[in-house]
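My notes follow in the order in which I looked things up.

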Amino acid sequence: MRLPLPQFAHQNRPPNHIAEVIETATTEFLAQCLEPEDLSFPVMPPFGSWVRSIDEESGNHVYAVVYHATTSPIDSVHRARALGLSLQDLREQQPQIFAMLKTEFRAAIVGFRPCETGVAGTQRLSETIYQHLPPRPPQIHQAVYVCESEEVLHFSEKLDFLRALLQVNGAPVDALTAAAIREIHQLRQADRTWLVNAGRTLSVLLKDDYDRLRVILSQIHL
């Protein structure tokens, strides 16, 4: 029998709250997507998309980039098998299928935004964003949110995060870096100046490996 993730009622959950941390480490976290209310699969965040969670003890907002996602049976013994049915047929004939699958993703931590104490001891987010590993990753069962456009734009004003992406273990790092840059480039409405600066930063980080640089830049488009 499936034990559902503890989660808020759908109507009380922000639209960008998509998952919950189920495994955490210094450099990354694993999150399980929350179940939709209807008979459908949880939305899998795109490769290279930006998410954030919180280290509740410090109040740090931790930013990460999705580099691996899977949908698999919740029962590790039995594998899914082909049924030859459309999604609509599955809803009508095999609705239990949707309760037997889970969607998970791994996200590489690229920076954080700390909390600071304001007037009368109130806590608020700092305007400063640090593009290095936070003191602690988010804890187990913390909410994971899709980053708003403004957050990504603010975070990407500096380009130090590119070094972290090029060092992610177990990921196609060139494709990951291109995907992250591509999303920012689109959000910045094809800002050529920003893209040129990103290319120069990559050239330094890749130590003039122009073949890799060309491959990464060739994947950046609107």
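Which residues in helix 5 meet which residues in helix 6? I found Gly 199, Leu 202 and Ser 203 in helix 5 against Tyr 210, Leu 213, Ile 216 and Leu 217 in helix 6; contact here means heavy atoms within 4.5 Å. By class, this contact has five nonpolar, two polar and no charged residues. The classes count Ala, Val, Leu, Ile, Met, Phe, Trp, Tyr, Cys and Pro as nonpolar, Asp, Glu, Lys and Arg as charged, and the others, Gly among them, as polar.

Before going on, I noted the ground rules. This is a predicted model, in which local features need pLDDT of at least 70 and side-chain atom pairs count only at pLDDT 80 or more, while totals for chains, interfaces and linings use all residues. Residues are numbered from 1 along each chain as its sequence is written, and side-chain values use heavy atoms, with hydrogens and water left out.

**Helix pair geometry.** Two packed helices are described by the angle between their axes and the distance between the axes. For helix 5 (residues 192–205) and helix 6 (residues 210–218) I noted an angle of about 150° and axes 9 Å apart. The axes are lines fitted to C-alpha atoms, for helices over the stretch in contact, and angles run from 0 to 180 degrees between N-to-C directions. The crossing of helix 5 and helix 6 is right-handed. A crossing is left-handed if the near helix is turned anticlockwise from the far one by less than a right angle, and right-handed if clockwise.

**Whole chain.** I listed six helices and eight strands, with the pattern β-β-β-β-α-β-β-β-β-α-α-α-α-α along the sequence. Helices (H or I, at least four residues) and strands (E, at least two) are DSSP runs, numbered from the N terminus. The C-alpha atoms fill a box of roughly 55 × 55 × 30 Å along the principal axes. Of the 222 residues in the chain, 41% are buried. Buried means under 20% relative accessible area, exposed over 50%, and partly exposed in between (1.4 Å probe, protein chains only). Among contacts with a separation of 6 or more, 68% join residues 24 or more positions apart.

**Cores.** Next I looked up the nonpolar cores, each a set of buried Ala, Val, Leu, Ile, Met, Phe, Trp, Tyr and Cys residues joined through side-chain atoms within 4.5 Å. The largest has 30 residues, and Trp 50, Val 110 and Phe 161 have the most contacts inside it. At least two residues of this core come from each of strand 4 (60–73), strand 5 (101–113), helix 2 (149–155), helix 3 (161–165), helix 4, helix 5 and helix 6. Helix 4 gives the largest share, six residues. I then listed what Phe 161 touches, not counting residues up to four places away in sequence: Trp 50, Val 110, Gln 131, Phe 155, Ser 156 and Ile 184. Another core lies apart from the largest one and has 14 residues, including Ala 31, Val 62, Ala 107 and Ile 109.

**Cysteines.** How many disulfides does a search of the whole structure find? I got zero, where a disulfide is a pair of cysteine sulfur atoms within 2.5 Å. Cys 33 is buried at 2% relative accessibility, whereas Cys 115 is partly exposed at 28%.

**Loop residues with positive phi.** Ala 190 has phi near 60°, positive in a residue other than glycine. Ala 190 sits in the loop between helix 4 (173–187) and helix 5, and is partly exposed at 30%. Asp 208 also has a positive phi, near 60°. I placed Asp 208 in the loop between helix 5 and helix 6, partly exposed at 47%.

**The loop from strand 7 to strand 8.** His 132 is in the loop between strand 7 (123–125) and strand 8 (143–146), and is partly exposed at 44%. Leaving aside neighbours within four places in sequence, His 132 contacts Val 110, Gly 111 and Phe 112. Gln 142 lies in the loop between strand 7 and strand 8. Is Gln 142 buried or exposed? Gln 142 counts as buried, at 13% relative accessibility.
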